[in-house]
Amino acid sequence: MTVRSRFAPSPTGYLHIGGARTALFAWLHARHHGGTFILRIEDTDRERSTEESVNAILEGMAWLGLNYDEGPFYQTQRFDRYRQVLDHLLDAGHAYRCYCTPDDLAARREAQLARKEKPRYDGRCRNLAAPPAGNPPSVVRFRNPQDGDVVVDDLIRGRVAFSNTELDDLVLARSDGTPTYNFTVVVDDMDMGVSCVIRGDDHLNNTPRQINILRALGAPLPQYAHVPMILGPDGARLSKRHGAVSVLQYRDDGILPEALLNYLVRLGWSHGDQEVFSLDELVTKFDVEQVNRAAAAVNPEKLLWLNQHYLKTADPDHIARHLSPFIGRHGVDPALDGPPLPAVVVALRERCKTLVEMADKALLFYREFDGYDPAAVAKHFSAAVLEPLIGLHTRLEQLADWQAPALHAVVEEVAAQHGLKFGQLAQPLRVALCGNAVSPAIDVTLQLIGRGRVLGRLERAVQWLQSQAGA
């Protein structure tokens with residue numbers, strides 16, 4: 001059997017990392033089995049569904065690299081098909097019209113609660129011979145079986161049984177004719193040949209209802225895998241108070257897509273003690289039946305660790321493509337003036353955890369800084385370094401080979417001429433070039449800043465030191 005899995009978000013908000021993890025599991029399941037991954041937008045909630053949310057979902061999927069083979073399909077474009085299947089169920093006696101008003105239903109619900117009964121539809125219209133006088137508005141309900149059990153052999157949770165006596169006759173279509181969630185999902189999964197439904201375990205109670213509708217339609221049953229929820233570090237349900245929960249917020253915070261994918265897949269799934277996986281490894285090793293049935297808690301420090309790992313090890317050209325817009329946020333176009341961005345990535349990758357941090361540190365290579373850090377000045381800028389810095393300016397102005405080894409040799413030579421150790425000149429030079437005492441290796445820093453900016457910043461530092469001496 002060809003494996004066909006789907007991701008079916010409702011466009012009522014951003015792509016939550018819980019939804020992204022579900023999409024990843026469904027995508028991996030399809031890719032592992034050489035199957036098909038379908039994207040379906042469940043937008044029948046017209047009041048809450050927005051075009052902005054649809055775009056956020058599509059953008060998040062694209063950024064993560066979760067390419068779909070079919071879709072996106074939109075439920076609002078399939079209303080004719082839902083009406084066709086609804087008519088079939090009515091004609092076959094598997095559905096019926098219910099004329100109970102909202103007030104009637106509310107009153108019966110209150111009475112059931114007063115009797116300490118589980119509130120549910122009491123089947124009042126189940127066997128009506130004819131509609132009431134005047135043919136008032138009606139909903140369409142599914143005629144659920146009244147005996148027996150529905151058994152879900154869940155790939156993650158194992159065997160779960162539901163008694164049909166606990167399932168009331170759910171509404172398939174509202175009085176205005178719009179279909180409900182549980183009905184549209186069944187029709188879509190049937191029409192799209194979905195073989196495995198991977199979704200959050202908050203949908204588990206919907207599964208027996210959907211199975212009964214599928215059986216009424218004579219459709220094959222898919223396999224089901226209900227993944228546990230994601231919790232915050234405190235064990236509470238994940239929410240905005242725990243930090244970023246939107247996929248695009250993680251992107252904007254400087255997380256790489258491969259780091260987030262690696263992080264999400266480990267929230268509930270493991271393969272031995274391995275922590276870092278390439279996408280090819282995940283496709284090969286992922287098995288939805290190995291997903292833990294217990295809820296997983298986020299660990300922000302683990303995500304930062306993974307992100308730093310990828311910053312250190314991924315192709316610099318790849319990192320540069322993701323870094324470029326973060327540089328652009330500062331009004332800098334790295335293609336116009338300054339060193340190649342991949343070279344900057346190599347210089348900074350060991351000391352950054354996010355692209356935001358890397359972009360901040362990269363600015364010194366592309367534009368001037370405002371002033372000197374007082375602590376760095378107090379420690380490294382003294383009258384004793386004035387002459388060595390002047391000597392450096394002279395030697396660097398004459399240097400033909402502006403590469404790190406030759407630059408290193410010049411700093412070493414000038415330091416020796418003034419009776420200084422290498423670091424005793426390198427640190428004041430850093431302050432002169434960067435405004436503070438933190439940068440990559442001084443020879444790399446010199447090379448990336450470039451001849452013109454280096455000479456200009458040295459002149460500025462010399463003038464500043466001279467002004468302080470004369471003050």
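This is a predicted model: local features need pLDDT of at least 70, side-chain atom pairs count only at pLDDT 80 or more; totals for chains, interfaces and linings use all residues.
So, F381: at 8% relative accessibility it counts as buried, where buried means under 20% relative accessible area, exposed over 50%, and partly exposed in between, with a 1.4 Å probe and protein chains only.

Residues are numbered from 1 along each chain as its sequence is written, and side-chain values use heavy atoms, leaving out hydrogens and water.

Okay, aromatic pairs. Rings of Phe, Tyr and Trp (its six-membered ring) pair if their centres lie within 6.5 Å; planes under 30 degrees apart are stacked, over 60 edge-to-face, the rest tilted. Searching the whole structure gives nine of these pairs. F381 and W464 make a tilted one, 5.7 Å centre to centre with 40° between the planes. They're 83 residues apart and link distant parts of the chain: F381 sits in the loop between α14 (374-380) and α15 (386-398), W464 in helix α19 (residues 451-470). Helices here are DSSP runs (H or I, at least four residues), numbered from the N terminus. Elsewhere, F25, W269, F277 and F286 form one aromatic cluster.

R141 lies over the face of Y121, 3.6 Å from the ring centre. R460 does that with Y372, at 5.4 Å.

That's my tour, thanks!

Terms used
Helices (H or I, at least four residues) and strands (E, at least two) are DSSP runs, numbered from the N terminus. A charge sits over a ring if NZ of Lys or CZ of Arg is within 6 Å of the ring centre and within 35 degrees of the ring normal.
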